[in-house]
Amino acid sequence: MSFKCISIKEAKSLIEKNDLILIDIRDYNSFSKGHIEKAIHVEDLNIDNFLKDKDKNQTILIYCYHGHSSQSAANFFSHHGFKNVFSMDEGYSGWIN
């Protein structure tokens, strides 16, 4: 595995300390109803531009609904050259609780 799964507590600490890219991979409707501050929505429609435009050395934190799909996404980004990739356990549902 070339990414790391982290707890919500660790994610909050990472967000506070780092200049990172926070990625929400939930569907657009869910994202538009609420998301973590400064998160960007990445989906099939904009993934190619994201991969082309972003610095592969920048830290990436990915979340989904419950922390499962974000692991696949983290693996995807790792395989596309991103070096510092994290998946947030429990996802957005854990974050808001």
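A residue is called exposed when its relative accessible area is over 50%, and buried when that area is under 20%. These two words are used throughout for the model described here, which is predicted.

The strands come first. The model has an open sheet of 5 strands, in the order β1-β5-β4-β2-β3, with parallel pairing. β1 (4–6) and β3 stand at the edges of this sheet. Each has a single partner strand, so one side of each is left without a neighbour in the sheet.

Strand β2 (20–24) pairs with β4 (59–63). The pairing is parallel and runs over 5 bridges. Within it, Leu22 stands opposite Leu61 of β4. β2 is also joined to β3 (residues 40–41), again in parallel, by 2 bridges. Here Ile23 has Ile40 of β3 as its bridge partner. β2 is mostly covered, with 5 of its 5 residues buried. Their side chains are divided between two directions. Leu20, Leu22 and Asp24 point one way, while Ile21 and Ile23 point the other way.

A search of the whole structure finds 1 salt bridge. Asp24 counts as buried because its relative accessibility is 0%. Arg26 has a relative accessibility of 5%, so Arg26 counts as buried too.

Helix α1 (residues 8–17) lies across β1, β2, β4 and β5. Its direction is at about 100° to β1. The buried residues of α1 are Ile8, Ala11 and Leu14. Seen down the helix axis, these residues fall within an arc of 115°, so they line one face of α1. An α-helix has 3.6 residues a turn, so residues three or four places apart point the same way. The buried residues of α1 pack against β1, β2, β4, β5 and α5. On the other side of α1, the residues Lys9, Glu16 and Lys17 are exposed.

Helix α4 (residues 69–79) also has a buried side. The buried residues of α4 are Ser70, Ala73, Ala74, Phe77 and Ser78. They cover an arc of only 140° around the axis, which puts them on the same side of α4. These buried residues pack against β2, α3 (47–53), β4 and β5 (85–88). The face turned away from the buried side carries the exposed residues Ser72 and His79. α4 lies across β1, β2, β4 and β5, and runs at about 175° to β5. After α4 comes Gly81, which has a positive phi, near 100°.

The structure holds 6 aromatic pairs. In one of them, the rings of Tyr63 and Tyr92 have their centres 6.0 Å apart. The two planes are at 25°, under the 30 degrees that counts as stacked, so the pair is stacked. Tyr63 lies in strand β4 and Tyr92 in helix α5 (residues 91–96), so the pair ties together parts that are 29 residues apart in sequence. Tyr63 and Tyr92 are both buried. Elsewhere, Phe50, Phe76, Phe77 and Phe82 form one aromatic cluster. Among them, Phe77 is one of the buried residues of α4.

The loop between β4 and α4 contains Cys64. Cys64 has a relative accessible area of 3%, so Cys64 is buried. Ser70 is on the list of buried residues of α4. Tyr92 is the partner of Tyr63 in the stacked pair. The chain positions of Cys64 and Ile23 are 41 residues apart, and their C-alpha atoms are separated by 8.6 Å.

Technical notes
Residues numbered from 1 in each chain as written. Predicted model: local features only at pLDDT ≥ 70, side-chain atom pairs only at ≥ 80, totals over all residues. Heavy atoms only, no water. Buried < 20%, exposed > 50% of the residue type's maximum accessible area, 1.4 Å probe, protein only. Helix = DSSP H or I, 4+ residues; strand = E, 2+ residues; numbered from the N terminus. Arc of directions from axis to C-beta. Contact = heavy atoms within 4.5 Å. Pairing = 2+ DSSP bridges. Salt bridge = Lys/Arg side-chain N within 4 Å of Asp/Glu carboxyl O. Axes fitted to C-alpha atoms, helices over the stretch in contact; angles between N-to-C directions. Phe/Tyr/Trp six-rings, centres within 6.5 Å; stacked < 30°, edge-to-face > 60°.
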